Amino acid sequence: MTTVDVSLSADEARRIALAAQGLLGAPDRRAGVRGVLRRLGAVQLDTISVLARSHELVPYARLGAVGRSAVESAYWTGGHSFEYWSHAACILPVEEWPHFAFRRRERRARGHRWHILEDREAACAVVRDRLKADGPLTTTELGGGKNGGEWFDWSETKIAVEWLLDTGEVVCTERRGWKRVYDLAERAIPDELLHDDIDDHECMRRLVAQAGAAMGVATRADLADYHRLKGEQVDAVLPDTDLVPVQVEGWGKPAWADPAVLESPPRGRHRTTLLSPFDSLVWDRPRTQRIFDFTHRLEAYVPKPKRIHGYFAMPLLSGGKLLGRVDPGREGNTLLARQVSMAGRKAVAPMAKALWEAASWVGCEEVRVERCDDAKLAEALAHALTDGPEGA
């Protein structure tokens, strides 16, 4: 039985989680976007683009108004990262390539993901030859991704290249116009990292340890969810990590903490910002509810009449707490707050500040609130916004 010698208050655990995610204390602008990626271990990708795509919003939340072209360059140039299956489709530091060997082996053993090819080897050979001769290439450049039916009606080329990506012969080296750009792993991954020699236990030990460091303090379920492992896989490797068993006030479940955060309690200024719904601070709904007492749900795929907070509601982080959310949009040079909800008047000034900062980042010169669920707060927010970026 695990002995627990460390107890944390709910507030201490919250601050630890924020610091681990790079949202408490001075931002490390020297390390920049690549530093954010290494710290988080995974940045989720998603097709939705409102103010910007989610993988752009994640470093923005931590570093401020870093140039969007600089974000893309940091991710996709110099061989610093690759795309693979982690929490979902994610950008990952290239140093983690060996530690996803367990997932590549798992896919190979299964034999397919969603589609089954009649002659897989022949289809894969065509893709290998094209990439070897002409790569890196998108699916379109390889011959096209669809058969003409529904979006999931993939061509043989698309099925083959995705299979090769799943199993590690091919790697996604960048997104171009939101299309994956594929290359042979032997050309894109540094020689010292291009191997699957690490056994499953060590792969999972590393990923659990990394998730623990990225979250600061976490339950078993939190650790499993970060890179989408199974609970029993976490159980098998936890004793071999440096994570320390702790008890957290109000959590009601065993937890583990990164020893570094226990040695030096987090201090510094809190960031005021809007978060992507796919940000790793909030991508796990039960954890978000437990830490912030905040119900977080992406409603993009909910029928419009049933939405409560809007299509792409972005949580407002300020003072280390989640104080509301806004469903943003854009109309010319105006940032639209299509729907706003706030946790009282204490959230008004932070919301105004976050909206103006986001507007400036995406090149908007005005901010307009279309709907707020509280008339008095709507009036207060409108007044706060009239002060402009400087006042906010």
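Because the model is predicted, local features need pLDDT of at least 70 and side-chain atom pairs count only at pLDDT 80 or more, while totals for chains, interfaces and linings use all residues. Residues are numbered from 1 along each chain as its sequence is written, and side-chain values use heavy atoms, with hydrogens and water left out.

Helices and strands come first. Both are DSSP runs numbered from the N terminus, with helices being H or I of at least four residues and strands being E of at least two. Helix α1 covers residues 10-20, and its buried residues are A13, R14, I16, A17, L18, A19 and A20; buried here means under 20% relative accessible area, exposed means over 50%, and partly exposed is in between, using a 1.4 Å probe and protein chains only. After α1 comes G22, which has a positive phi near 80°. Further on, D28 sits in the loop between α1 and α2. With a relative accessibility of 45%, D28 counts as partly exposed. D28 and L131 are 103 residues apart along the chain, and their C-alpha atoms are separated by 37 Å.

Next come two helix pairs. Two packed helices are described by the angle between their axes and the distance between the axes. Axes are lines fitted to C-alpha atoms, for helices over the stretch in contact, and the angles run from 0 to 180 degrees between N-to-C directions. Helix α2 (residues 32-40) and helix α3 (residues 54-63) have axes that come within 10 Å and cross at roughly 100°. The two helices α2 and α3 are therefore roughly perpendicular, a label for angles of 65 to 115 degrees, with under 35 counting as roughly parallel, over 145 as roughly antiparallel and the rest as oblique. On the α2 side, G32, V33, V36 and L40 meet V58, P59, R62 and L63 of α3, where contact means heavy atoms within 4.5 Å. Sorted by class, this contact of α2 with α3 has six nonpolar, one polar and one charged residues. For these classes, Ala, Val, Leu, Ile, Met, Phe, Trp, Tyr, Cys and Pro count as nonpolar, Asp, Glu, Lys and Arg as charged, and the others, Gly among them, as polar.

The second pair is α6 (residues 120-134) and α8 (residues 156-167), whose axes come within 9 Å and cross at roughly 80°. That makes α6 roughly perpendicular to α8. Here R120, A123, C124, V127 and R128 in α6 meet E156, T157, A160, V161, W163 and L164 in α8. The contact of α6 with α8 has seven nonpolar, one polar and three charged residues.

Now for the strands, which pair if DSSP finds at least two bridges between them. All five residues of β3 (residues 81-85) are buried, so β3 is largely enclosed by the rest of the structure. This strand pairs with β4 (residues 89-93) in the antiparallel sense over five bridges, and a hairpin of three residues joins β3 to β4. Within the pair, F82 stands opposite L92. Strand β6 (residues 170-176) has five of its seven residues buried, so β6 too is largely enclosed by the rest of the structure. Its antiparallel pairing with β7 (residues 179-184) runs over six bridges, and V171 has D183 as its bridge partner in β7. Two residues lie between the strands of this hairpin, in which G177 takes a positive phi near 60°.

There are also open sheets. Within it, β13 (residues 321-331) and β14 (residues 334-342) run antiparallel and are joined by eight bridges.

Finally, the cores. A nonpolar core is a set of buried Ala, Val, Leu, Ile, Met, Phe, Trp, Tyr and Cys residues joined through side-chain atoms within 4.5 Å. The largest one has 68 residues, of which Y75, L131, V170, V208 and L223 touch the most other members. Helix α10 (residues 200-215) gives this core its largest share, seven residues. Apart from this core lies another, of 37 residues, including V340, M342, A347 and A359.
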